[in-house]
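Please read these notes with the structure open beside them. The points are numbered so that each can be checked separately.

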Amino acid sequence: MEQSELTQIINKNVSMINLPCIGIKKLLTPFVLIHDKIAIFEAGTTNTAELLLEGLEQLGISPKDVDYLIVSHIHLDHAGGAGYLAQKMPQAKVMVHEKGARHLIDPSRLIAATKKVFGSKDVIKEHYGDIIPIPEEQVIALGDGDKIDLGNGRQTKIIHTPGHAPHHLCLYDPLTNGIFSGEALGILVKDLNMYSPSTPMPDFNLSQSIDSILRLLAYDIQIIYLSHAGYTRQVQDTIYKIIGQLICWEKIIKDSPEKEAAENLKAYVLQKEWPQWNTTALAKEHNLEDNIKWLTWRIGAVLAPGIKNSCKKS
Ligand SMILES: [Zn+2]
């Protein structure tokens, strides 16, 4: 398979663009579905939008030829760059679950919610860039079961998969027997062979998340395209692993005294899930120390509180 740092051809119908995010290399991978029509799954941030366009160029695609820009959900690492790209891709419809559509048209609440996680508007700008509103007529709101026709018999299907966020969606592609999983199946750090559920504050819902994952089992899936970051053909293992992790993580949070929950989860993950004969050494060897730092920060600051919050709701 042809490969560059920025782009990778996965199969003749799907290519991938490697984008950095919050200082981590290859953290978000928009996928390009190439057929009679061209669709891009995930926008990345405004800060990485020009890099995405460069990736498209490498794949021989002009932004003017893009028909659909689909986002799995509206968190800024997935959809923050959609407004900028919508201007560069005047033909493209920006597609999002119906519960997220109004936030792309008017991103003010989205910015406020992200600010809660990062603490200041400047930090948002530094990580994601300006969030540009998208004209209403360019946005299409999607619901469960909707089809996106890429022409010549390739009909992809929207699967509403709440859990990570209430408006999260996955896209099923019968041509490649692939599922574009967004963040519903967690995140993958391929170089470290690491998996992590993605359970962020404030909207994560554990039982919905597991229900959504189980719904995917009804589809004939041979490849999972993960927005963070890459793809895997180990479908069954991945699905079982992520469900197992979600159940274990919840148990640790529930069994821990309130103040110790995040630390206990971090310790468990580093010892039991990512031991790889000393994760830190492996990270050093691969020059991925920032990834480990980021993943462990994320467990304490974002994922453990998300699970705690979800326990309160149920
Ligand atoms: Zn997200």
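1. Phe31 has Phe41 in β6 as its bridge partner. This pair belongs to the 4 bridges that join β5 to strand β6 (residues 38-41), and β5 and β6 run antiparallel. Two strands count as paired if DSSP finds at least two bridges between them. Helices and strands here are DSSP runs numbered from the N terminus, helices being H or I with at least four residues and strands E with at least two. A hairpin through 3 residues joins β5 to β6.

2. A remark on the basis of these notes. The model is predicted: local features need pLDDT of at least 70, side-chain atom pairs count only at pLDDT 80 or more, and totals for chains, interfaces and linings use all residues. Residues are numbered from 1 along each chain as its sequence is written.

3. Which residues of β5 are buried on one side and on the other? In strand β5 (residues 31-34), Phe31 and Leu33 are buried on one side, and Val32 and Ile34 are buried on the other.

4. Thr7 stands opposite Ile17 in β2.

5. What is the order of the strands in the open sheet? The 7 strands follow the order β1-β2-β5-β6-β7-β8-β9, and the pairing is mixed. At the edges are β1 (7-11) and β9 (139-142), each of which pairs on one side only. Neighbouring strands of this sheet are turned against each other by 25° on average, direction ignored.

6. Leu76 is placed in helix α2 (residues 76-79). Is Leu76 buried or exposed? Leu76 counts as buried because it has 26 C-beta neighbours inside 10 Å. Apart from neighbours within four places in sequence, Leu76 is in contact with Thr45, Leu110, Thr114, Tyr128 and Ile131. Contact means that the C-beta atoms of two residues, placed from the backbone, lie within 7 Å. The C-alpha atoms of Leu76 and Pro107 are separated by 9.9 Å, and the two residues are 31 apart along the chain.

7. Two packed helices are described by the angle between their axes and the distance between the axes. Helix α9 (residues 261-273) packs against helix α11 (residues 289-313) at an angle of about 120°, with the axes 9 Å apart. That makes α9 oblique to α11. Angles under 35 degrees count as roughly parallel, over 145 as roughly antiparallel, 65 to 115 as roughly perpendicular and the rest as oblique. Axes are lines fitted to C-alpha atoms, for helices over the stretch in contact, and angles run from 0 to 180 degrees between N-to-C directions.

8. On the α9 side, the contact is made by Ala261, Ala262, Leu265, Lys266 and Val269; α11 contributes Thr296, Ile299, Gly300, Ala304 and Lys308. By class, these residues divide into 6 nonpolar, 2 polar and 2 charged.

9. Helix α8 (residues 235-255) packs against α11 as well, at an angle of about 75° and with the axes 10 Å apart. α8 and α11 are therefore roughly perpendicular to each other. Trp249, Glu250, Ile253 and Lys254 in α8 meet Ala304, Ile307, Lys308 and Cys311 in α11. This contact has 5 nonpolar, no polar and 3 charged residues. Ala, Val, Leu, Ile, Met, Phe, Trp, Tyr, Cys and Pro count as nonpolar, Asp, Glu, Lys and Arg as charged, and the others, Gly among them, as polar.

10. Some backbone details deserve a look. A cis peptide bond joins Met201 and Pro202, with omega about -5°; Pro202 is in the loop between β15 (194-196) and α7 (206-216). The bond from His228 to Ala229 is also cis, with omega near -20°, and Ala229 lies in the loop between β16 (223-226) and β17 (230-232).

Definitions and conventions. A residue is buried if 20 or more other C-beta atoms lie within 10 Å of its own, exposed if 12 or fewer, and partly exposed in between; C-beta atoms are placed from the backbone.
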